Amino acid sequence: MAQSKKILPLLGNEAVVLGALESGVGFVSTYSGTPASEIGNTFYRIKDIYNVRFEFSTNEIVALEAGIGAAYSGVKTLVAFKHFGLNVSMDAFIPLSYTWPRAGMVIVFADDPNCYSSAQSEQDSRIYKDLLHLPMLEPGTPQQAKDFTKLAFEISEKFEKPVVIRMVGRVSLQTGPVIKGKIKRPKTTGKFIKSRERFNTMPPDVLEQKRKLLKLKQPIRKYLQTKNINPIIYPRGYSKKSGIITSGIGFQYTKEAQVTLNSRLPVLRIDSIYPLPVEKINQFIKDKSKVLIIEEGEGVIEKEIKVLSKEINPKLRIFGKDLIEPVGELNPDKVTLVLSKFLGKKYSIKESSLKLTRRTPRFCPGCPYWSIFGAIKQAVNPEKVVFCGNIGCYMMGYFPPFEMTDTLLCMGDSISVAHGIKKVSKQKVIAFIGDSTFLHAGIPGVINACYNKSNPLIIVFDNNVVAMTGHQPRPTVKVENILSAAGVKNIEVLDPVTENEKLKQTIKQFLNKSEISAIVCRHPCLYANSLERKVGQSPFKL
Amino acid sequence: MKKTKTYNLIISGVGGQGQITLKKILCQAAIKQGLDFKASELHGLAQKGGSVVIHFRTGKKVYSSLIAQGKADLILGLDLLEAARAIKFSSKNTKLVVNNLFIPFFKQSHFSEGDLLKLVKDKVKKINLVPASKICKEKLGNEIYTGVFLLGYLAKIKSFPLKKTSLISGIRKVLSKKNLLINLKAFKLGASLSENGIKRVKT
């Protein structure tokens with residue numbers, strides 16, 4: 001590492017930001033979500049240093065739509081969120097792929113294999129590639145995260161289509177050396193010039209747009225062949241008859257596993273999940289008798305290879321998801337074990353972990369949520385009330401000492417699920433929701449419960465910040481004003497710490513109401529300023 | 001250390017013990033010495049009073065950011081129970097350096113050095129129990145310097161690849177001016193810790 005003067009230790013997420021800055025990004029929008037949160041946090045910290053227009057949007061589809069407006073108007077744009085946010089954005093994302101932004105547009109999402117910070121589900125979002133038909137690149141290291149972000153902007157500008165970067169938690173939150181390049185002064189103003197050819201998604205034009213999109217697959221594939229990606233690595237004295245196909249983080253573990261097992265298999269690393277490097281794959285599998293496909297999550301690449309091999313090499317034996325469970329994250333142990341089975345070598349992992357009591361997460365000392373859960377537990381018999389939980393720090397009410405969360409699905413679901421329970425049962429139901437989650441996805445649920453008449457009690461955990469993902473600011477609108485406008489008749493706003501007795505009494509009183517009711521518990525998070533304090537601190541200072 | 005071998009360090013503790021800061025210092029020290037490195041951390045739920053493990057690997061060329069089971073050269077436990085939790089990364093040759101402190105939680109109020117020794121005695125050859133939090137509280141007025149203090153202690157270990165000077169340069173880069181002097185003091189205190197203060201246990 002001779003250029004040590006230009007090397008920064010960056011998280012994968014920070015490296016994405018640096019790649020965008022070096023590409024001249026002018027507009028960035030996001031909604032925070034771990035493992036992608038540091039992308040937005042970093043932009044928030046450095047936006048005034050590098051003159052980038054940045055916003056924390058109210059939710060992910062809004063973030064994407066804001067980005068679309070900017071990119072349509074000719075400003076280079078980056079939008080970022082976690083995998084669930086990608087789901088939220090899809091209604092706008094798929095039609096976006098049919099249109100033609102006037103500047104480079106890159107959308108970064110982060111999956112969370114092993115659900116380290118995603119309580120609800122483990123999804124492999126690479127599968128969206130077949131709905132989007134947009135180029136999708138997958139880095140495996142922070143340096144690649146930067147390089148692929150730059151490449152994504154380049155592809156986007158050349159083909160006038162958005163390009164997607166797929167991260168996973170282990171790449172987003174991995175620190176590694178990244179070589180700093182030149183940061184461009186961004187263009188942050190543009191102009192929307194009307195064009196039905198570019199932006200119209202009304203039928204029948206929309207079908208023509210789809211045709212044009214599908215036709216781009218081959219030229220983009222050709223273009224990617226000229227780039228330094230999708231490499232085949234041949235070790236000295238490599239095996240001719242078998243090989244490994246892998247991608248992203250899997251490649252890093254494969255490298256280690258080959259050393260551990262003294263294996264010399266050639267490796268094809270797939271960096272472009274869409275379009276796949278078909279020529280490289282064909283060249284790789286043509287003369288082989290067997291290949292091992294090492295991928296985290298679902299067998300996305302494996303399915304494609306199985307189709308391709310029918311043409312090129314029907315006798316090829318393909319191993320993958322039959323050896324690697326599509327649950328949890330890969331690690332060097334799992335990959336070494338799988339490779340040993342593929343090679344027919346003996347290898348075992350000594351399972352030496354001890355049985356120890358799990359240290360479950362809990363509220364910070366001094367957190368106002370202690371007071372809220374404490375009051376609920378004293379006001380009602382928790383056995384006789386249904387608690388509909390939601391996404392935010394208050395989801396830790398699921399853990400001891402409270403264990404007061406019965407349902408949890410996605411951002412904003414608590415109010416609507418509580419409404420549904422209330423429509424069909426006489427049970428008492430409390431819906432939890434945080435201030436930011438309420439603004440993100442809770443509002444339609446409240447309007448629905450008022451209009452379709454049910455009577456859950458909504459408890460709003462208002463700590464004035466998006467605490468769980470790293471203390472991002474949220475819109476300053478008052479939740480009670482929205483509740484009132486939606487038609488909630490019984491509303492109480494109080495401080496759960498200084499007015500704890502009143503909180504208990506109000507819970508008892510409101511649970512007996514025949515109409516929907518809400519208590520807004522307002523007390524700021526102790527660490528509300530922790531991100532704000534870092535504004536102006538750049539991780540890109542050498 | 002042979003130039004080609006990767007050095008594997010696990011830092012295991014409870015969220016809030018400053019693992020991320022230690023990771024940043026280690027990364028800067030590796031850059032200073034022209035070494036490759038990778039580090040892994042967990043975020044989100046795990047931060048709030050849960051177990052937090054940092055993997056840090058440095059050497060000529062590093063691929064995986066995660067350490068394989070049994071492959072740690074050194075485990076630094078910031079808490080007695082969390083040190084035990086990281087034991088799957090150890091082999092007989094792994095050095096175990098443990099802060100003599102237990103942070104209690106709802107389901108467990110007690111875990112002593114005796115409990116740790118009982119659990120790991122047939123897994124590692126040697127354990128160094130360092131009363132780091134106690135010393136930091138007594139001499140520096142606050143336990144929050146424990147991590148940096150222990151980094152100083154690691155710098156004394158012969159096989160540890162990062163030099164004292166590079167770690168100090170890392171501390172200067174990572175920590176704010178306001179906290180710099182006291183952290184440098186903590187580091188030096190750890191680096192000059194008299195051997196009498198450490199309990200070495202051969203198992």
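Begin by selecting A:P35, which sits in the loop between strand 2 (27–30) and helix 2 (37–46) of chain A. Helices (H or I, at least four residues) and strands (E, at least two) are DSSP runs, numbered from the N terminus. The peptide bond that joins A:T34 and A:P35 is cis, with omega of about 15°.

The model is a predicted one: local features need pLDDT of at least 70, side-chain atom pairs count only at pLDDT 80 or more, and totals for chains, interfaces and linings use all residues. Residues are numbered from 1 along each chain as its sequence is written, while chains are lettered from A and ligands numbered from 1 in the order in which they are written.

**Two further loops of chain A**

Select A:P275 next, in the loop between strand 12 (272–274) and helix 12 (278–285) of chain A. The bond from A:Y274 to A:P275 is also a cis peptide, with omega near -15°. Then move to A:N464, in the loop between strand 17 and helix 18 (479–486) of chain A. A:N464 is not a glycine, yet has a positive phi of about 70°.

**The domains of chain A**

Colour chain A by its domain assignment: domain 1 (4–227), domain 2 (232–343) and domain 3 (368–522). These bounds come from an automatic or database domain assignment. Between the C-alpha centres of domain 2 of chain A and domain 3 of chain A the distance is 48 Å.

**A helix pair in chain A**

Select helix 1 (residues 12–22) and helix 6 (residues 142–159) of chain A, whose axes lie 7 Å apart at an angle of about 30°. Axes are lines fitted to C-alpha atoms, for helices over the stretch in contact, and angles run from 0 to 180 degrees between N-to-C directions. Helix 1 of chain A is therefore roughly parallel to helix 6 of chain A, a term for angles under 35 degrees. The crossing of helix 1 of chain A with helix 6 of chain A is right-handed, that is, the near helix is turned clockwise from the far one by less than a right angle. Among the contact residues are A:A15, A:V16 and A:L18 of helix 1 of chain A and A:A145, A:K146 and A:T149 of helix 6 of chain A. Residues are in contact if their C-beta atoms, placed from the backbone, lie within 7 Å.

**The five-stranded sheet**

Now display the open sheet of five strands in chain A, with order 15-16-17-19-18 and parallel pairing. Two strands pair if DSSP finds at least two bridges between them. Strand 15 (385–388) and strand 18 (490–494) of chain A are the edge strands, each pairing on one side only. The twist from one strand to the next averages 20°. Strand 15 of chain A runs parallel to strand 16 (residues 428–434) of chain A, joined by four bridges; in strand 16 of chain A, A:V429 is the bridge partner of A:V386.

**Across the interface**

Strand 8 (residues 174–179) of chain A pairs with strand 2 of chain B in the antiparallel sense over two bridges, and A:T175 has B:A39 as its bridge partner.

**Ending in chain B**

Select strand 1 (residues 7–14) and strand 4 (residues 74–77) of chain B, a parallel pair with four bridges; B:S12 is partnered there by B:G77. Finally, show helix 5 (residues 146–155) and helix 7 (residues 177–191) of chain B, packed at about 40° with axes 6 Å apart. These two helices of chain B are therefore oblique to each other, the class left after under 35, over 145 and 65 to 115 degrees are assigned.

Note on methods: Contact = placed C-beta atoms within 7 Å.
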